[in-house]
Amino acid sequence: MSATTEERTTAELMPGVQIPLIGLGTWPMMGENAAAAVSQAITNGYRHIDTAENYANETAVGEGIRRSGIERRQLFLATKFNTQWHSRSRVREAFDNSTRRLGVDYLDLFLVHWPNPAQGQFVEACEGLQQLMEDGCIRAWGVSNFKPAHLQRVQAAGIPVPLNQIQVDPEHGQPEQLAYHREHGILTAAYSPLGRNGGFLSHPAITGPATDLGKTPAQIVLRWHIQHGRAAIPKSANKQRQRENLDVFNFALTQPQITAINALETGTPPRLDSDTYFH
Ligand code: NDP
């Protein structure tokens, strides 16, 4: 890659909606810690912030956004709602609640946080999100923690799913899930993209390219996500680590380096099973 070529740092999520490929994860920060981290991240150049009703930090995230002084339209703000709101009309209540706590009047991305298949109303939740889009309340919508079987039920209702936020890291590559996303044009957003400071960061498949390229192991892993065509939302409260996590463009891993990182896959399922876990 030429050093003079600016690499794209966003992807088209829906027509006319660009999602910055690196966002700031905000769980488990709360209160002043969350507000300070969000404000600092925006000052550091972040333009995508990820929060959720369930993180109980939307008010603090909103405070951090205001403190940064950024114009609302410069920011891509994503949040998620719990399963109690899984009906066409209640999704609107979830939107009203989140925007009130965040102190904003629209969302860039609103996600069904967990499918809760036993409750069986996640298709209605997606219909409610589509209505919010038609009403101009949200710019894009998506889901989180949906397995292919859940995605199929939404698609069977004639609703194409734009994005699924799921746990992915080099040891939790979820190959079948990701193949399904590719086949159906669903953008993957990786949560816990660094495996919560996972042990793999010290594996030679990652430290080798880090040394060769003069990058940190976390940068190599985030770059691996980007070259796989995913967005990623690493959480950091630390100024230096926030900066390095965003600075993953304009260098490239070679195909053998990517293949070596892919080989760290353990086949272990995600931490939480979305057929049974929900909130
Ligand atoms: P991450 O993989 O983002 O890891 C975060 C941990 O890694 C923190 O301890 C952080 O510490 C550390 N870290 C961050 N950057 C670096 C770096 N450059 N080098 C070394 N260590 C680093 O895991 P999370 O589980 O936090 O996931 C990220 C986000 O995903 C969450 O904040 C949340 O927004 C979202 N999420 C979504 C879920 C869902 O169900 N949809 C579930 C879980 C998370 P420090 O702060 O000190 O830098």
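Predicted model: local features only at pLDDT ≥ 70, side-chain atom pairs only at ≥ 80, totals over all residues.
Local features need pLDDT of at least 70 and side-chain atom pairs count only at pLDDT 80 or more, while totals for chains, interfaces and linings use all residues. Residues are numbered from 1 along each chain as its sequence is written, and side-chain values use heavy atoms, with hydrogens and water left out.

**Ligand site**

- The ligand is surrounded by 27 residues, a residue being counted if one of its heavy atoms lies within 4 Å.
- The closest are Ser-192, Arg-196, Lys-235, Ser-236 and Arg-241.
- Oxygen atoms of the ligand lie 3.1 Å from a polar side-chain atom of His-113 and 2.9 Å from one of Asn-145; a polar contact is a pair of N or O atoms within 3.5 Å.
- An N or O atom in the side chain of Asn-245 is 2.9 Å from a nitrogen atom of the ligand.
- The protein buries 87% of the 910 Å² that the ligand exposes when taken alone (Shrake-Rupley method, 1.4 Å probe).

**Helix packing**

- Helix 2 (residues 58-68) packs on helix 3 (residues 88-102) at an angle of about 45°, with the axes 7 Å apart; helices are DSSP runs of H or I with at least four residues, strands are runs of E with at least two, and both are numbered from the N terminus.
- Helix 2 is therefore oblique to helix 3 (angles under 35 degrees count as roughly parallel, over 145 as roughly antiparallel, 65 to 115 as roughly perpendicular and the rest as oblique).
- Glu-58, Thr-59, Val-61, Gly-62 and Arg-66 of helix 2 make the contact with Ser-98, Arg-101 and Leu-102 of helix 3, contact meaning heavy atoms within 4.5 Å.
- The residues of this contact comprise two nonpolar, three polar and three charged.
- Helix 7 (residues 204-213) and helix 8 (residues 217-227) cross at roughly 105°, their axes coming within 8 Å, and are therefore roughly perpendicular to each other.
- Ile-206, Thr-207, Pro-209, Ala-210 and Leu-213 in helix 7 meet Pro-217, Ile-220 and Val-221 in helix 8; this contact has seven nonpolar, one polar and no charged residues.

**Backbone features**

- Most residues other than glycine have a negative phi, and most peptide bonds are trans.
- Asn-145, in the loop between strand 7 (138-144) and helix 5 (148-156), has a positive phi of about 65°.
- The peptide bond from Trp-27 to Pro-28 is cis, with omega near 10°; Pro-28 is found in the loop between strand 3 (24-25) and helix 1 (31-43).

How values were computed:
Axes fitted to C-alpha atoms, helices over the stretch in contact; angles between N-to-C directions. Nonpolar A, V, L, I, M, F, W, Y, C, P; charged D, E, K, R; others polar. Polar contact = N/O pair within 3.5 Å; in protein donor to acceptor, adjacent residues only side chain to side chain.
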